[in-house]
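Biologist: I am new to this structure. Please show it to me, and then let us talk it through.

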Amino acid sequence: MNRAAASPSRPLLLLVDLQRDYLGTRGLEPAAGAIVERAAALLRGCRAAGIPVAHVWTTVSREDDRRMPHWQRDERWICVEGTAGHEPPPALRPEGAEAIIHKRFFNGFGDGSLELLLTWHGIDTLIIAGIHLHACVRETVLAAYELGFKVWVADDAVGSDDPVHAAITRRYLAGRAARFAPGAELLKQFAPSQPALAVATTEDDAAAEVAGATTKARAAWPAWTVSRPEMRRQMLERLAEILEQRAQPFADQMAREIGKPVAFGQVEVERTAGMMREIARNDLAVQEAASGNGWRRCALGVVAIITPWNNPFLIPLGKIAAAVLYGNTVVWKPAPAAASLADTLMKCLREAGWPEGVIELVPGGIAHAVALMNDPRVDAVTLTGGLLAGYAAQEICARRHIPLQAELGGNNAAIIWPDCDLDDAAARVADGAFAQAGQRCTANRRVIVHQDCAEEFLKRLVPATAALPWGNPLERSTRIGPLVSARQRESMAAFIARAGQAGAKVIVPHGAREFSGFPLASTMHAPTIVCCDDPAMEIVQEESFGPVLVVQKAEDWAQAIALCNGVRQGLVAALFTRSAELPQRFLGEAQAGVLKINQATADVTTQLPFGGWKASGVGPPEHGLADQEFFTRIQTIYRPAPPHS
């Protein structure tokens with residue numbers, strides 16, 4: 001039966017294996033708390049819209065051992081009927097007449113009962129969320145596709161403990177059996193009260209939109225790569241002048257559109273202008289012998305540049321300027337939240353004389369980013385984003401054999417030693433954690449305090465946080481502005497609430513307060529300190545990207561450095577001490593790409609390389625000497641030796 005031909009759609013939400021035992025899987029990406037939060041929002045929305053719901057659970061019985069063979073081999077007993085691990089968390093429990101389908105293997109359609117249920121209710125479309133994308137979700141999607149159902153996967157409500165495999169699976173399914181979109185988009189699309197809304201962009205649609213930009217960039221590249229270096233330098237200089245002249249209006253635009261306080265926005269624009277001039281001075285000498293053997297550096301070709309919203313001028317132009325200076329052309333995909341700022345920046349580039357095709361803009365979301373990286377005209381990718389974006393980029397670039405540079409955020413820690421200036425350390429860490437509402441990749445996420453000074457440090461940290469001005473991003477005194485969206489605020493509140501429910505101590509120095517009368521006032525979230533000594537808790541292990549600082553105690557140096565290194569990411573780490581010996585130990589043992597002494601982790605200069613270790617970075621770092629390393633590649637040339645005279 002070709003159910004996909006039916007119209008209008010009759011959808012059902014299918015929750016696959018959202019059980020505590022699976023949610024407790026080590027290495028789950030995204031983290032279990034985030035998956036539950038997003039799946040619960042989708043579930044609430046579907047129930048409110050009258051969309052039916054069914055639950056697929058893996059079910060094992062000790063009385064009748066029908067576990068999967070590899071579980072029997074490994075002596076694994078999980079999802080055992082009657083245990084807490086078999087049940088979903090409260091927010092995802094079935095209600096009323098919602099069906100529960102029990103399965104033994106991967107496929108939710110395995111015993112036929114799910115197909116009968118869907119047929120009985122006249123369902124032709126499935127919305128799927130669950131665990132694991134690379135296994136049970138994948139097999140359920142493929143079975144639904146084979147049976148003729150339309151399938152949508154809630155992109156932000158699926159998880160996997162094998163994220164690279166999950167990235168491969170996503171690409172495979174999106175090209176064949178399913179469409180992917182965030183849960184909020186799916187609710188808008190399928191809610192009966194909003195039938196006129198457009199269907200979420202598919203990756204086929206995105207690829208067609210991306211192709212125009214990549215074709216122009218490819219056509220422009222041959223002439224651009226042999227253009228005069230001096231002309232390229234002059235373009236960067238002209239852009240720097242425009243940025244300096246308009247720093248204040250650009251800062252105002254950032255405050256209105258993304259909530260960035262104007263003082264930080266103006267510094268960003270001015271720093272970007274300075275960076276343009278630094279990049280323009282980069283060495284472009286060609287190391288090629290006129291005869292005999294030699295080598296040279298060559299441009300990569302067309303570079304895909306994918307950037308976030310939080311530093312909408314500095315991050316994109318750091319990549320774009322270096323790319324074009326070294327003879328590449330660029331296709332730029334900014335974050336949707338910064339789309340208007342990207343348009344503003346493109347006007348500046350045209351005004352500065354940058355030719356058509358040298359820099360092309362592609363608006364859009366995840367589908368456009370994936371399509372851009374997959375485009376055969378793209379020769380390299382540089383990305384600043386989150387861990388999931390990094391896994392997707394690694395899979396695509398590895399398959400296509402093209403270079404990747406990725407900065408993937410940081411869960412940054414500062415170590416506080418008893419011999420340091422505690423007042424200075426508290427002030428620096430508070431500002432590093434909460435300025436710009438913690439919405440920067442270098443922000444202080446964690447502070448690890450020696451137990452001998454933990455109480456005294458906290459006594460200073462709380463008032464230092466309370467002293468930071470917060471509120472209207474259009475006021476120059478503001479250090480802490482709004483979060484970028486209501487959804488981000490809700491996620492932050494849920495993140496902190498889960499920590500409190502798990503036993504962490506939550507401190508809100510500014511107290512609860514309502515704001516109004518300025519841009520994004522409703523997305524304000526109070527700076528929050530969370531005291532948590534359990535290194536395995538979500539609040540410790542996951543990057544918040546918001547105004548949250550986790551405080552942990554350490555008994556000695558060994559525990560302090562273990563806590564500092566004890567997360568997946570490794571972007572920035574800091575140490576506060578007056579000791580002459582400890583900094584050397586810190587420099588030898590801290591696992592991060594950027595190390596600081598007696599400074600907060602937040603903020604870096606563009607004159608030095610910037611990149612992370614571990615899950616924070618892939619490929620060469622950005623800025624400084626690293627620009628040439630990524631945006632060019634070495635080509636060795638052999639020629640006959642000149643004849644002897």
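Modeller: Two definitions to begin. Helices (H or I, at least four residues) and strands (E, at least two) are DSSP runs, numbered from the N terminus. The expected span of a helix is 1.5 Å times one less than its number of residues. This is a predicted model, where local features need pLDDT of at least 70, side-chain atom pairs count only at pLDDT 80 or more, and totals for chains, interfaces and linings use all residues. Residues are numbered from 1 along each chain as its sequence is written, and side-chain values use heavy atoms, with hydrogens and water left out.

Biologist: How far apart are the end C-alpha atoms of helix α6?

Modeller: Helix α6 covers residues 163-174, which makes 12 residues. At 1.5 Å a residue it should span 16 Å, and the distance between its end C-alpha atoms agrees: 16 Å.

Biologist: Within what arc do the buried residues of α6 fall?

Modeller: Buried means under 20% relative accessible area, with exposed over 50% and partly exposed in between (1.4 Å probe, protein chains only). In α6 the buried residues are Pro163, Ala166, Ala167, Thr169, Arg170 and Leu173. They line one face of the helix, because, by the directions from the helix axis to the C-beta atoms, they fall within an arc of 165°.

Biologist: Which helix gives the most to the lining of the second largest pocket?

Modeller: On a 1 Å grid over the protein atoms alone, a pocket is an open set of points with protein on both sides within 12 Å along at least five of seven lines, while a cavity is a set where a 1.4 Å probe fits but cannot get out; lining residues have an atom within 4 Å of a point. This pocket holds about 1100 Å³ of space, a volume filled by probe spheres set on points joined across faces, edges and corners. Of its 37 lining residues, those closest to the centre include Ala31, Arg498 and Glu538. With 10 residues, the top giver is α2.

Biologist: How much space lies in the largest cavity?

Modeller: The structure holds five cavities of 30 Å³ or more. Cys564 and Gln591 are among the residues closest to the centre of the largest one, which 15 residues line. Its space is about 70 Å³.
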